Amino acid sequence: MSDAEAQKRAAGEAAARLVESGMVVGLGTGSTAAWFVKALGARGLDITCVATSTATAQLAAGLGLTIAELGDTGEIDLTVDGADEIGPGLSLIKGGGGALLREKLVWEASRRCVVIADAAKTVTTLGRFPLPIEVVAFGHKITALRICDALSECDIGVAPRLRMRDGQPVRTDGGNLIYDAACGRIEEPAALASSLKSVTGVVEHGLFLDLAEQALIGGASGVITLDP
Ligand code: 5RP
């Protein structure tokens with residue numbers, strides 16, 4: 001196992017120890033969140049889980065975890081999820097795995113959100129990782145032009161690229177498309193978030209601001225905790 005993978009695993013296992021029987025738990029998406037889900041499954045607790053993607057729901061169900069739909073449980077006590085970048089104040093870029101919309105819906109329905117990651121994910125300024133932006137398929141090329149305008153308003157002069165896999169546009173679990181914007185540096189994430197949300201056709205973007213309460217970061221000398 002690579003160092004990065006071992007760090008993801010350590011962070012996921014540390015987060016699984018935060019869970020107690022009786023909780024409603026939000027399950028993130030991605031390779032780090034998968035370590036959390038596996039560690040949670042191994043604990044055999046009496047919990048109800050809400051998954052942020054079909055892939056995570058399948059993994060969790062296979063481990064014997066009880067899965068409920070978002071909205072069919074009481075408030076989610078704790079959501080644990082990975083991130084693509086962790087910046088100042090636990091501002092995040094998410095959506096590298098394409099689950100940003102469901103992730104944000106689950107995060108916003110949670111009393112507490114903990115982000116887990118390997119050490120390479122921490123940055124001093126967000127933007128090195130291309131920002132995922134989920135859009136409806138209808139008229140997406142026009143929406144991409146409007147996204148360019150929104151980026152320009154924030155002094156970011158890049159054209160977003162339609163995410164492709166095997167020669168086909170990637171579809172999210174909700175059937176939408178994703179554009180990735182290689183911003184470089186996002187100096188004002190809140191302004192960019194609001195600018196992107198104002199574009200008709202944009203369903204959600206991968207900036208997760210003021211949502212994470214804590215980060216558990218795997219590193220060479222164990223897991224450290226970061227607060228906003
Ligand atoms: C999926 C996500 C993931 O949390 C993010 O891409 C990190 O993935 P990984 O843990 O595999 O590095 O936002 O939409």
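Helices (H or I, at least four residues) and strands (E, at least two) are runs assigned by DSSP and numbered from the N terminus. By this rule the protein chain has six helices and 16 strands. This is a predicted model, in which local features need pLDDT of at least 70 and side-chain atom pairs count only at pLDDT 80 or more, while totals for chains, interfaces and linings use all residues. Residues are numbered from 1 along each chain as its sequence is written, and side-chain values use heavy atoms, with hydrogens and water left out.

Start with the overall form. The C-alpha atoms of the protein chain fill a box of roughly 50 × 35 × 35 Å along the principal axes. Of the 228 residues, 50% are buried, where buried means under 20% relative accessible area, exposed over 50%, and partly exposed in between (1.4 Å probe, protein chains only). A contact means heavy atoms within 4.5 Å. Among contacts between residues at least 6 apart in sequence, 72% join residues at least 24 apart.

Now turn to the strands. Strands of a sheet pair through backbone hydrogen bonds, either parallel or antiparallel. Here two strands pair if DSSP finds at least two bridges between them. Strand β1 (residues 24–27) and strand β2 (residues 48–51) pair in the parallel sense over four bridges, and L27 stands opposite A51 in β2. In β1, V24 and G26 point one way and V25 and L27 the other way, yet all are buried.

Another group is an open sheet of three strands in the order β5-β6-β14, with antiparallel pairing. β5 (85–86) and β14 (207–208) stand at the edges with a single partner strand each, so one side of each has no neighbour in the sheet. β6 (residues 92–93) and β14 pair over two bridges, with I93 opposite L207 in β14.

Finally, find G127 in the loop between β7 (113–118) and β8 (131–135). Is G127 buried or exposed? G127 is buried, because its relative accessible area is 1%. Leaving aside residues up to four places away in sequence, G127 touches E85, I93, C183, G184, R185 and I186.
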